[in-house]
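Morning, everyone. I have one structure to show today, so let me put it on the screen.

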Amino acid sequence: MTTGALEALQVVVLLLVGGAATLVVAVPGRVRPVLALSFYGLLLAVLFLVVQAPDVTLSELVVGAVALPLILLLTIAKVRDPAPAPGAAAPGPPDQAPPDQAPPGAGQPGAGQPGQPPGAGGDGGQG
Amino acid sequence: MTPGQRRWLFLVGVAGLVAFLGWGIAGLPAFGSYPGPYGPAITARVVQQTNATGVVSAINFEYRGFDTVGEEFILVAAVAGMSVVLRRLRGERADAARDDPSDLDPSATDPSGGRRRVPVTSGAVRMAALALTGPTVLAGWWLATHAQTSPSGGFQGGVLLATAFFLVYLSGEFIAFRRLSPVDVVDAAEAIGAGGFAAVGVAALPLGLPYLDNYLPLGSPGSPGAVTSSGTIAVISLLVGVAVAAAFIQLIGEFLEQTLLIQRRPPARGH
């Protein structure tokens with residue numbers, strides 16, 4: 001590949017990385033930014049490849065595109081789904097609503113305890 | 001402070017940031033130029049000195065091996081700290097998650113009595129994960145053992161090896177993953193990998209050489225790039241691969257356990 005073509009490729013990928021980074025902070029919800037982050041990691045790996053750093057490409061692929069989004073997704077799954085009190089099953093499954101559709105603020109951990117029916121709140125915090 | 005004042009403060013700050021950033025960027029060397037003396041010096045000598053054609057690995061595990069030992073132990077310390085933070089606390093209980101039957105049949109009742117429910121993994125995901133497990137192990141092993149010949153290394157290979165274990169989780173259950181990677185074995189592998197790296201370095205001292213000096217045979221000098229031809233570089237890369245694989249299995253396993261098994265409330269006593 002000629003130097004000019006390589007530099008053009010580098011500029012294109014750099015612009016794509018900038019676009020993907022903007023996407024990460026611009027998309028709403030909690031799960032979709034993580035998916036955007038994974039896509040951004042993938043593009044960053046491509047950028048490292050076109051600036052001729054294949055070692056860093058491999059590291060970025062496994063860490064930026066896979067491991068970090070995975071940890072974030074697991075954390076989101078942990079905090080959005082507090083287990084309801086045993087024996088006090090809510091009438092409807094509380095975690096059926098897609099979390100991304102919730103209005104901002106409604107899904108904050110601790111803000112609403114969606115799994116807890118009003119009558120079962122007596123033992124919360126004293127156990 | 002009124003919003004108007006705050007906006008002015010912000011604008012002044014941004015103007016300053018843009019000015020200094022622009023000044024700094026204007027003074028940078030041209031894109032791709034490298035003014036330092038070390039890069040050309042090392043690239044001119046590295047193959048001749050180490051017989052390794054994976055130049056980045058030779059630098060990581062030989063010329064600046066001492067830094068890499070430190071990075072290795074940073075990873076180990078970080079994973080140990082994470083294990084402490086994510087341990088099961090008083091007031092939490094470990095409980096097996098159940099597959100969510102309403103995923104397959106909306107009319108099914110929930111037999112778990114309010115336990116955490118996990119959506120059933122689709123057959124396509126299970127099949128893909130199963131099909132990818134073998135190639136992932138192969139790729140991880142290849143990367144970890146070929147740092148000396150090609151762009152790769154123990155870190156990248158180790159993370160890929162760990163990924164293979166999570167593919168097992170995706171194609172089966174958490175229990176299958178745990179059975180395949182018992183905590184004791186993972187801990188031991190992490191200790192052997194990280195401690196082995198340090199020990200390879202210390203072993204140079206009785207030979208009268210500096211710490212982490214390359215004391216193993218380098219193979220025939222005329223034919224660089226063979227797997228066995230770089231002395232300690234290959235050994236260290238493999239040890240790093242073992243340590244990193246164990247660290248990532250530990251790390252993501254802890255997160256999986258928190259998400260799938262550990263629940264916030266203790267069992268209610270009154271019911």
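This is a predicted model: local features need pLDDT of at least 70, side-chain atom pairs count only at pLDDT 80 or more; totals for chains, interfaces and linings use all residues.

Start with chain A. Chain A has three helices and zero strands. From the N terminus, that reads α-α-α. There are 127 residues in chain A, and 20% of them count as buried. What about contacts along the chain? Take the pairs in chain A that are at least 6 apart in sequence: 56% of those contacts join residues at least 24 apart.

Now chain B. Here we have nine helices and four strands. Of the 271 residues in chain B, 32% are buried. For contacts in chain B with a separation of 6 or more, residues 24 or more positions apart account for 66%.

On to the core. How many residues does the largest nonpolar core have? The count is 57. Two residues have the most contacts inside this core: Ala243(B) and Phe248(B). Which helices supply it with at least two residues each? From chain A, α2 (31–50) and α3 (54–80) do. From chain B, the list is α3 (55–63), α4 (65–85), α5 (123–145), α6 (154–171), α8 (183–202) and α9 (232–260). The largest share comes from α9(B), with 17 residues.

Stay with Phe248(B) for a moment. Leave out residues up to four places away in sequence, and Phe248(B) touches Ala67(A), Gly158(B), Val159(B) and Ala162(B). One of those partners, Ala67(A), is in chain A.

Last item: a helix pair in chain B. Two packed helices are described by the angle between their axes and the distance between the axes. For α5(B) and α6(B), the angle is about 160 degrees, and the axes are 8 Å apart. Angles over 145 count as roughly antiparallel, so α5(B) is roughly antiparallel to α6(B). Is the crossing left-handed or right-handed? α5(B) passes α6(B) in a left-handed crossing. And what sits in the contact between α5(B) and α6(B)? The residues there divide into 15 nonpolar, nine polar and one charged.

To recap: the largest nonpolar core has 57 residues, and α9(B) gives 17 of them. Alongside that, we have the α5(B) and α6(B) pair, roughly antiparallel. I'll stop there.

How values were computed
Residues are numbered from 1 along each chain as its sequence is written. Chains are lettered from A and ligands numbered from 1 in the order in which they are written. A residue is buried if 20 or more other C-beta atoms lie within 10 Å of its own, exposed if 12 or fewer, and partly exposed in between; C-beta atoms are placed from the backbone. Two residues are in contact if their C-beta atoms, placed from the backbone, lie within 7 Å. A nonpolar core is a set of buried Ala, Val, Leu, Ile, Met, Phe, Trp, Tyr and Cys residues joined through C-beta atoms within 7 Å. Axes are lines fitted to C-alpha atoms, for helices over the stretch in contact, and angles run from 0 to 180 degrees between N-to-C directions. Angles under 35 degrees count as roughly parallel, over 145 as roughly antiparallel, 65 to 115 as roughly perpendicular and the rest as oblique. A crossing is left-handed if the near helix is turned anticlockwise from the far one by less than a right angle, and right-handed if clockwise. Ala, Val, Leu, Ile, Met, Phe, Trp, Tyr, Cys and Pro count as nonpolar, Asp, Glu, Lys and Arg as charged, and the others, Gly among them, as polar.
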